[in-house]
Amino acid sequence: MGTLLEVKNMSVSYGAIRALRGFSLTLDEREIVAVIGANGAGKSTFMNAVMGMTACESGDVFLDGAALPRESWRIVRSGLSLVPEGRKVFTTLTVLENLRIGAFPLSKPDPRDMDWVFSLFPRLGERREQPAGTLSGGEQQMLAIGRALMSRPRVLLLDEPSLGLAPIIIRDIFAELRRINEEGVSILIVEQNARQALLLSRRAYVLQTGCLVKEGDSKALLADPEIKAAYLGH
Ligand SMILES: Nc1ncnc2c1ncn2[C@@H]1O[C@H](COP(=O)(O)OP(=O)(O)OP(=O)(O)O)[C@@H](O)[C@H]1O
Ligand SMILES: [Mg+2]
């Protein structure tokens, strides 16, 4: 498996706050990689910087060895797509309208992409005319994932998809993420829910106040006493 996405030495500050310090990461073709860390570790900062939505002090991002463009819509067109923290669906628009927005950056949207999303999440198909604000939290998360898939990404980036959801819904959504990955989409996920993220991913990076403190195979991290004590609640 070759490297698909490579982030080198990324640093981001907000005034005096150094939110990310020289963080580097790789994601192989068809791999699932997680970044775990507590509140304020810099996870969203990292994702937003990769997507060109937050300015970096330093850092380079390569997709297939080529530097990513800077503007977010061009980044999406290149093959990255973000499911943002807190889902950010357009509540007054219908499910269909939200999904169509996900395809905006493409020069040639394909109607089959919508069918693909509905095959992954049949509940979205059943509710296609419903305003997104009337969906349950879990359905809104499915919509946010579906919207991101509408640009046909090679890399799907997910910022805390488990946030505020019941354990059973989290399990469903993570099972769907595995299926999306099996269909060829590489996944980069950041989570406070370390256990779920480590169970889903092959490799993981641990961020603490903007610094990388550990990285390795997710299975090994699940068994690591330090990780257990700090992130897995025993
Ligand atoms: N726009 C901003 N202006 C100033 N400081 C910010 C801004 N965004 C984030 N920060 C700070 O940067 C640090 C990292 O925040 P970030 O949102 O990246 O963390 P996170 O790991 O995503 O946390 P959480 O798990 O709570 O979502 C925090 O100390 C936060 O207060
Ligand atoms: Mg965050």
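# Worked exercises: ligands, rings and loops

In the side chain of Q192, an N or O atom is 2.9 Å from an oxygen atom of ligand 1. The model is predicted: local features need pLDDT of at least 70, side-chain atom pairs count only at pLDDT 80 or more, and totals for chains, interfaces and linings use all residues. Residues are numbered from 1 along each chain as its sequence is written, chains are lettered from A and ligands numbered from 1 in the order in which they are written, and side-chain values use heavy atoms, with hydrogens and water left out.

## Exercise 1. Ligand 1

Task: find how many residues surround ligand 1, and which are the closest.

Solution. 
- Step 1: apply the cut-off. A residue is near a molecule or strand if one of its heavy atoms lies within 4 Å of it.
- Step 2: count. There are 13 residues around ligand 1, the closest being N39, K43, S44, T45 and E85.
- Step 3: sort by class. Four are nonpolar, six polar and three charged. Here Ala, Val, Leu, Ile, Met, Phe, Trp, Tyr, Cys and Pro count as nonpolar, Asp, Glu, Lys and Arg as charged, and the others, Gly among them, as polar.
- Step 4: sort by element. Helix α1 gives the largest share of the shell, three residues. Helices (H or I, at least four residues) and strands (E, at least two) are DSSP runs, numbered from the N terminus.

Task: how far is an oxygen atom of ligand 1 from an N or O atom in the side chain of K43, and how far from one in the side chain of T45?

Solution. 
- Step 1: take K43. The distance is 2.7 Å.
- Step 2: take T45. Here the distance is 2.5 Å.
- Step 3: Ligand 1 taken alone exposes 640 Å², and the protein buries 62% of that. Accessible areas come from the Shrake-Rupley method with a 1.4 Å probe; for residues, only the protein chains shown count as cover.

## Exercise 2. The magnesium ion

Task: name the atoms that coordinate the magnesium ion (ligand 2).

Solution. 
- Step 1: set the limit. Donors are N, O and S atoms within 2.8 Å of the metal (3.2 Å for Na, K and Ca); water is not among the atoms, so sites may look incomplete.
- Step 2: read off the donors. They are S44 (OG) and E85 (OE), at 2.0 to 2.1 Å.
- Step 3: S44 sits in helix α1, and E85 in the loop between β6 (80-83) and α3 (95-102), 41 residues apart.
- Step 4: check exposure. Buried means under 20% relative accessible area, exposed over 50%, partly exposed in between (1.4 Å probe, protein chains only). E85 has 33% and is partly exposed.

## Exercise 3. Aromatic rings

Task: how many aromatic pairs does the structure hold?

Solution. 
- Step 1: define a pair. Rings of Phe, Tyr and Trp (its six-membered ring) pair if their centres lie within 6.5 Å; planes under 30 degrees apart count as stacked, over 60 as edge-to-face and the rest as tilted.
- Step 2: count. There are two aromatic pairs.
- Step 3: take F23 and F46. Their centres are 5.0 Å apart, with 80 degrees between the planes, and the pair is edge-to-face. F23 lies in strand β2 (residues 17-28) and F46 in helix α1 (residues 43-50), so the pair ties together parts 23 residues apart in sequence.
- Step 4: take F23 and Y205. Centres 5.8 Å apart and planes at 90 degrees make the pair edge-to-face. Y205 is in strand β9 (residues 203-208), 182 residues from F23 in strand β2.
- Step 5: check burial. F23 is buried at 1% relative accessible area. F46 is buried at 0%. Y205 is buried as well.
- Step 6: join up. F23, F46 and Y205 are linked by ring pairs into a cluster.

## Exercise 4. Positive phi

Task: is K88 buried or exposed, and is E160 buried or exposed?

Solution. 
- Step 1: know the background. Most residues other than glycine have a negative phi.
- Step 2: take K88. Its phi is positive, about 50 degrees, although K88 is not a glycine. K88 sits in the loop between β6 and α3 and is exposed at 52% relative accessibility.
- Step 3: take E160. Its phi is also positive, about 55 degrees. E160 lies in the loop between β7 (155-159) and α7 (167-182) and is buried at 4%.

Terms used
A polar contact is a pair of N or O atoms within 3.5 Å; within protein, one must be able to donate a hydrogen and the other to accept it, and residues adjacent in sequence count only if both atoms are side-chain atoms.
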